[in-house]
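Subject: Structure handover

Hello,

Here is the structure we spoke about, with the sequence alongside. My notes on it follow below.

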Amino acid sequence: MSFYLRTMAVWPPLPADLARLRELAYNLWWTWQPAARELFARPDPGLWEAVGHNPVAAILRLAPGALLATAATPEYRELYGRVMAAFDRYMTGPTWFEQRHPDRRGRVVAYFSAEFGLHECLPIYSGGLGLLAGDHCKAASDLGLPLVGVGILYKHGYFTQEIDREGRQEAAYPHLNFAEMPIIPVTDTGGQELLVPVELPGRTVHLRVWRAQVGRVPVYLLDADTPKNRPEDRLLTGQLYGGDQETRIAQEMLLGIGGVRALRAMGVCPSVWHINEGHAAFSLVERLRELVQQGVAVDTALEAIRSCTLFTTHTPVPAGHDVFAPELVDGYFGRLYTQLGLNRETFLQLGWDQARGGFNMTLLAFRYSSFTNAVSRLHRTTTRRMLAHLYPDIPVEEIPVDAVTNGVHTATWLAPEWAGLFDRHLAPGWREEPEDFSHWEQVATVPDPEIWETHCRLKAKALRFVRERIRDQRLRNHEPPARVAEVEGYLNPEVLTIGFARRFATYKRATLLLRDLERLSRLVNNPDRPVQIVFAGKAHPADRPGQEMIRHIHEIINREPFRSRIFFLENYDMNAARYLTQGVDVWLNTPRRPLEASGTSGQKAALNGVVNCSILDGWWPEAYDGSNGFAIGSDRDYEDEEAQDEHDATALYALLEEAVVPAYYERTGGIPLRWVALMKGAWQTIPPRFNTGRMVREYTERFYLPLMERGEHFAAQNYAAAHRVQAYRRFMLQNWQHVKVLAVEVNGAGREFQAGDVLTVVATVYLGPVWHRDVAVELVYRTGDPDTGPLHTLPMVLQQAGTAGTYEYAAPFTLPQGVVSFTVRVRVVSPDFAHTFDLPLVTWAPEF
């Protein structure tokens, strides 16, 4: 468009006693409140579906008088009153955070993420990372945590997936009308839209800021599609994960640098900065620039920004970690080097990845965060191995990466049908305290017929949704009338239905189940115990192998043995995810272990009584107990991917044939009792652990609160602690070469030992110029395998100081039974360090 149009949303007149309907439409609290959604759907249910369950668009597009006619009914007025009363109780009532930490109420956590999955009507997400971010914000709101989100408002979202008649994925990019979305532009003190400048090579890009209100939590979204920008710059916030490397680095500068500046412009002063994946790591650079421009020395400034930053990493797959060529970084940051107090070399070192020869956003975030966490325990192990080259002298299990296993927002993902059933049978309070195991234990008392009847209703609804989507796809593709008509006979609700729905990244192995087509044919076409399978998911438009998997599934679907047994549901989004995770029987997950960081779709499925059947990867090893789902294969890792695929496929077929299918079809009085027992087992063990209420409390107690303290401590008295720590680091790096373990003596060496015997281990160390109070001397031992057995440490106590920098330390060592391997080490300590190896300097004893 070559001319400017000012756009605004013009609402229909609202009766005075319904005036707050507009307020409700612009607060995404309604996304997890069925009664609130009903307020917007009831005037025109067809329109509600057509606009993707978007209350703003639904109201703006209503026929004149339709709202007034509906609102005139007593039933609607009663519903409105009930919803608004619940909304007010939620927004003004006491919260966990203010009751537990009243002295921290004003301390804000800034949560940066490239994507937020809040609802399907706001399509600025691609998969699990975004849905996790959305659920994180919802749980923060529930808990009253003072958190603000920062992301990007993509004009064309991710993409809409269409599958043509040959199975090719076609990517369409919708033109989102922000005026019809539940977001509000942020204005400055003069009432004008807020614009935030970010300098890019040769020009300045101006960002509008929009607010998506998520209960109590605002999520601020940055938008470059403003007339003040050049046409090509307006496209920088056009697509999520689109464009080339230049687009990506520019987009990540807008997110990181622009996000910090937007918060400053709005008067938001975060105490904690949470970087959700490396895309937002340039926020560190902007915060560094701010401090250096205030006169803070660069090394001191780096300590200050590190002191209050948390980094969450979400993937062990290399494609998930952005690495930019040094020439590209020069082009975009060269003019900032002097503002940062750095030269080219020192700037590149902030994020330099020697192995990949570029500037790594993940390493930038990792190096300048006090804490880094993975999103499951297994992912923590995998991440530590990935980072081991940065810690060559430290056992892998001590590399400073923590784990907070992901969860899901219960109220968002639990079907209303199940919520109603639980209201009747569970004690009051289960909705407000989803992490309380005692509530979920009561599921055991729910009659099996009620559970099965509810599941069957949800299954029928889900399969009807899939049939309608497949029919619409065939109509769009101009398939023959017979092909369209036959869809009505698809997806018998009496048949065991397996769902596989997720991003079509190759490591997720969507086609693992298709490796042995003869065996698969026997499985799905068994005349007495048939099986049907629904696939769904998007491949990134640049991921050719992922798209080829979709095409391969489509080709298999059209072979005669599978035509009415295997299906592909196009354009998988949050709406489709709700239908499938609430309505299939089995949730299949087949990633190549250990490449699944966490995964949350299986948690959503378990929340709705759908039985998980998964490789022991991501979150599943922490959840699986033998009575709450099925595990495919074993928890071993492989060097050979082909051997792994063959082993896992064979294990999957055997599991389906010998365990899953029999459990589903074995009936007593029409009820599959063993199956319902699995459903109950999942409810009793999975929702109370794998929910975002528990997750965000864990983030708060383990990271946010300590970071609030650290940030204040390091900033106090003109960054005195930050200056002290950076000087201490520099001194230790310069002088650690002097530290040596001169001798280790063990009493009783050479004799036979029994469990419980006590050895006295004495170490003589030379510290040179290093003060003895700045080190810890430890006895380190493993039980079992000397390379992989559990690692333990015992502090050694200073016995005496010798001459010329030598010291003697000793520790009693009570021997455990079995094989024991031990040694002595010296490491740096400081009360200002966030964790044991904040400065990874360690000296190990030589052979003794």
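This is a predicted model: local features need pLDDT of at least 70, side-chain atom pairs count only at pLDDT 80 or more; totals for chains, interfaces and linings use all residues.

Backbone points in the loops

The loop between β18 (566–569) and α24 (574–583) holds N571. The phi of N571 is positive, about 55°, although N571 is not a glycine. N571 counts as buried because its relative accessibility is 17%, and the limit for buried is under 20%.

A804 also has a positive phi, near 55°, and is a residue other than glycine. A804 sits in the loop between β26 (797–801) and β27 (806–814). With a relative accessible area of 67%, A804 is exposed.

There is a cis peptide bond between R593 and P594, with omega at about 5°. P594 belongs to the loop between β19 (586–589) and α25 (601–607).

Cysteines

How many disulfides does the structure hold? The count is zero. C137, for one, is in no disulfide, and the nearest cysteine sulfur to it, that of C121, is 15 Å away. C137 is buried, at 0% relative accessible area.

Helix packing

Helix α10 (residues 245–265) packs on helix α11 (residues 282–293) at an angle of about 50°, and their axes are 8 Å apart. That angle makes α10 oblique to α11. The two helices, α10 and α11, cross in a right-handed sense. On the α10 side the contact is made by I249, E252, M253, G256, I257, V260, R261 and R264. From α11 come F282, S283, E286, R287, R289 and E290. By type, the residues of the contact of α10 with α11 are seven charged, five nonpolar and two polar.

Helix α2 (residues 34–41) has A36, L39, F40 and A41 buried. The buried residues of α2 pack against α1 (21–25), α3 (45–50), α4 (55–61) and α6 (74–92).

Regards

Key: Residues are numbered from 1 along each chain as its sequence is written. Side-chain values use heavy atoms; hydrogens and water are left out. A disulfide is a pair of cysteine sulfur atoms within 2.5 Å. Buried means under 20% relative accessible area, exposed over 50%, partly exposed in between (1.4 Å probe, protein chains only). Axes are lines fitted to C-alpha atoms, for helices over the stretch in contact, and angles run from 0 to 180 degrees between N-to-C directions. Helices (H or I, at least four residues) and strands (E, at least two) are DSSP runs, numbered from the N terminus. Angles under 35 degrees count as roughly parallel, over 145 as roughly antiparallel, 65 to 115 as roughly perpendicular and the rest as oblique. A crossing is left-handed if the near helix is turned anticlockwise from the far one by less than a right angle, and right-handed if clockwise. Contact means heavy atoms within 4.5 Å. Ala, Val, Leu, Ile, Met, Phe, Trp, Tyr, Cys and Pro count as nonpolar, Asp, Glu, Lys and Arg as charged, and the others, Gly among them, as polar.
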